[in-house]
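Please look through the sequence and the model shown here before reading on.

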Amino acid sequence: MIMRVCMDTQPGGANPNEDWVAGTPTLAVVLDGLSTAGLSTGCRHGVPWYVAHLGGQLVAALADPDWQLSDGLADALERVAGLHPECDLKNPGTPSATVAVLRHRDGILDHLVLADSPIVFEGPQGYSVITDLRVDDILPEMRAEVEQHETHTSEHREAVQRFVLAQRQVRNTAEGYWVAAADPEAAEHTLTGTTSRGEVHAAAVMSDGVSRLVSEYEMATWSEAFATLRAGGPRELIDTVRRVEATDPTGRRWPRYKSGDDAAVAFCQW
Ligand SMILES: [Zn+2]
């Protein structure tokens, strides 16, 4: 039985989309590039370039079904670093991304997540969410400061920049949290696992720009989100997120980094 993947991705505003999604008969991949908040990165290529190349290299590495997902990620990270050696890859703001991968092989589903792009399984017992929220434990006081301000204010923008600068100091260190960046060591810190395909009716791999409809805004249940995916496809689910965000354009009800975040979703059925 082959996996059928439907997908879409949309930017959250006027800036280039920093999310990336791919589907193949065996893979669903979502990457969510981390915001640079306008700060320097040491890379002249930018986050959209980074996620496109990391995604492409990841799909290529995982063409071999015998590879562990984390080994495929380590290989892809090394290859992408090799594509821009002229950039300062030691810069703590070097382009980086969350990673979520679902692979179907021989009746088995392998998953890998790194940071907060979740994979949601729909099974006979309901919904299970696989995500890596280690980033949420970091710098809670600075996060709270960002959330005090409405989006589109200078106070908000400055608080986000301070927060991102502080995050960079602990990003990809033992004291902090792990994301895909220039160092393949991040692949050792992924959360991985395996599920029997027979226990899963459908699965959704998505960036937090989509999952927040359920997990943060609490404006839908997973059951409703999957019903939307079935009825209207990934685009309809993203449009639903946008309609909800339009009711709170300055982030008073749901404090956030931007009014609308980039969104990507891959919906997998068999
Ligand atoms: Zn570069």
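Two strands are said to pair if DSSP finds at least two bridges between them, and strands (E, at least two residues) and helices (H or I, at least four) are DSSP runs numbered from the N terminus. This is a predicted model, in which local features need pLDDT of at least 70 and side-chain atom pairs count only at pLDDT 80 or more, while totals for chains, interfaces and linings use all residues. Residues are numbered from 1 along each chain as its sequence is written, and side-chain values use heavy atoms, with hydrogens and water left out.

Strand β9 (residues 202–206) and strand β10 (residues 263–269) pair in the antiparallel sense over five bridges, and Met206 has Val265 in β10 as its bridge partner. Both strands belong to an open, antiparallel sheet of five strands in the order β1-β10-β9-β6-β7, where β1 (4–10) and β7 (126–130) are the edge strands, each pairing on one side only.

Because His45 lies in the loop between β3 (27–33) and α1 (47–61) and Cys87 in the loop between α2 (69–83) and β4 (97–105), the pair ties together parts that are 42 residues apart in sequence. Buried means under 20% relative accessible area, exposed over 50% and partly exposed in between, with a 1.4 Å probe and protein chains only; Cys87, at 8%, therefore counts as buried, whereas His45, at 23%, counts as partly exposed.
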